[in-house]
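Biologist: Please walk me through one part of this model up close, at the level of single residues. I would like one connected account that I can follow on my screen.

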Amino acid sequence: MLQGARSAVRTSWVSVTLAAVLGVTMPLAATMAGTALASPVPAPSEVVATAGTHPGAVHDAAPPGHTAHALGVRRATASTTRPKPDAWTHASALVHVPAGGIAARRAPSSSSPTVGTVVATSKYYGVPIVLRLDAIDRTGSWGRVELPYVWPRRQGWIRLAGLAREQTFLHVDVDLSEHRVRVYKRDDILYSVPAATGAPSSPTPPGHYVVTDRVPFPSGGALGSFAFGISGIQPHLPAGWSGGNQLAIHGTDEPWSIGTSASAGCVRVSEWALQRFEPLLRLGTPVVIHA
């Protein structure tokens, strides 16, 4: 997992998927060791946009169940927590969590009971957190977010006054049943690549998350050349696990595991995929993991 590591002498933040690949808690320097991983040439099952299609399109069809309705910010009705593998045609509104964190409430009202605190920085690296607004109340004063690094997963309402905001048209769709990661811009698939997901004893937990960490590594190590820490944790750690519990999308020095259920919970992709994802997946990029 992503056990705390702000320097080369502290334990590396291998998320379920990060640490899952390592299998043990290791210093960051040790995590960086290794030999070259995969060739940057796309495998046949890695699909990208090509000439003759509209921008960002791919030749393989969107997975069953994909529709064109928006999953961007919507006016709140009932709470929605179940991940849905739908395309997002509208921008996602993002909010920067203030220093010191912010109280999350059960309803969009200062008098409503708190359900927890939205932490200000990422679990192990201390990076300022950017969250997706799942909904906005009718006054525009409150936004509903998923609390990062909390299990069981839960949502809460935060006051939006004074908070910096931005938006993104990108999101990541992790399909556990297909062992596949798709990166979308609006409703167009930019990339569709195979992935390794959690083993039966340590399954990757479905949920709505965001990217909270962007960590480069020398290629060839257990995590490949890059890791994207996300805002979820693994509640079902392997027996005897001594590392952290943060989830991530990262590379691997076991490329043969890609396309199978093999990790401690993280999502492993090829080096080719990491090179394409790295310039796209900024902090706050939504990540939906679903069966």
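Modeller: Let's start with Arg132, which sits in strand β6, spanning residues 130-132; helices (H or I, at least four residues) and strands (E, at least two) are DSSP runs, numbered from the N terminus. A word on the ground rules: this is a predicted model, where local features need pLDDT of at least 70 and side-chain atom pairs count only at pLDDT 80 or more, while totals for chains, interfaces and linings use all residues. Residues are numbered from 1 along each chain as its sequence is written, and side-chain values use heavy atoms, with hydrogens and water left out.

Arg132 has a relative accessible area of 10%, so it counts as buried; that word means under 20% relative accessible area, with exposed over 50% and partly exposed in between (1.4 Å probe, protein chains only). Its side chain makes a polar contact with the side chain of Ser92 at 3.1 Å. Such a contact is a pair of N or O atoms within 3.5 Å; within protein, one must be able to donate a hydrogen and the other to accept it, and residues adjacent in sequence count only if both atoms are side-chain atoms. Arg132 and Arg144 are 12 residues apart along the chain, and their C-alpha atoms are separated by 8.6 Å.

Now follow the strand itself. β6 belongs to an open sheet of 3 strands in the order β6-β3-β10, with antiparallel pairing; two strands pair if DSSP finds at least two bridges between them. β6 and β10 (165-168) are the edge strands, each pairing on one side only. Strand β3, residues 92-96, pairs with β6 over 3 bridges in the antiparallel sense, and His96 stands opposite Val130 in β6.

Further along, look at the loop between β8 and β9, where you will find Tyr149. Tyr149 is not a glycine, yet has a positive phi of about 60°, and its 11% relative accessibility makes it buried. Pro152 lies in the loop between β8 (142-146) and β9 (155-159) too, and a cis peptide bond joins Trp151 to Pro152, with omega about -5°. You can compare Arg186, in the loop between β12 (180-185) and β13 (188-194): this residue also has a positive phi, of about 55°, without being a glycine, but it counts as partly exposed at 36% relative accessibility.

Next comes the packing. In soluble globular proteins, nonpolar side chains tend to be buried together. A nonpolar core here is a set of buried Ala, Val, Leu, Ile, Met, Phe, Trp, Tyr and Cys residues joined through side-chain atoms within 4.5 Å. The largest one has 26 residues, and those touching the most other members are Val172, Val174, Val181, Phe228, Val269, Phe277 and Val287. Elements giving it two or more residues include β11 (170-175), β12, β13 and α3 (271-277), and α3 gives the most, with 4 residues. Apart from this core lies another, of 21 residues, among them Val97, Ile129, Val150 and Ile158.

Finally, visit Ser202, in the loop between β14 (197-198) and β15. Ser202 is buried, with a relative accessible area of 2%, and its side chain reaches the backbone oxygen of Ser263 at 3.0 Å. Leaving aside neighbours within four places in sequence, Ser202 is in contact (heavy atoms within 4.5 Å) with Gln234, His236, Pro238, Ser263, Ala264 and Gly265.
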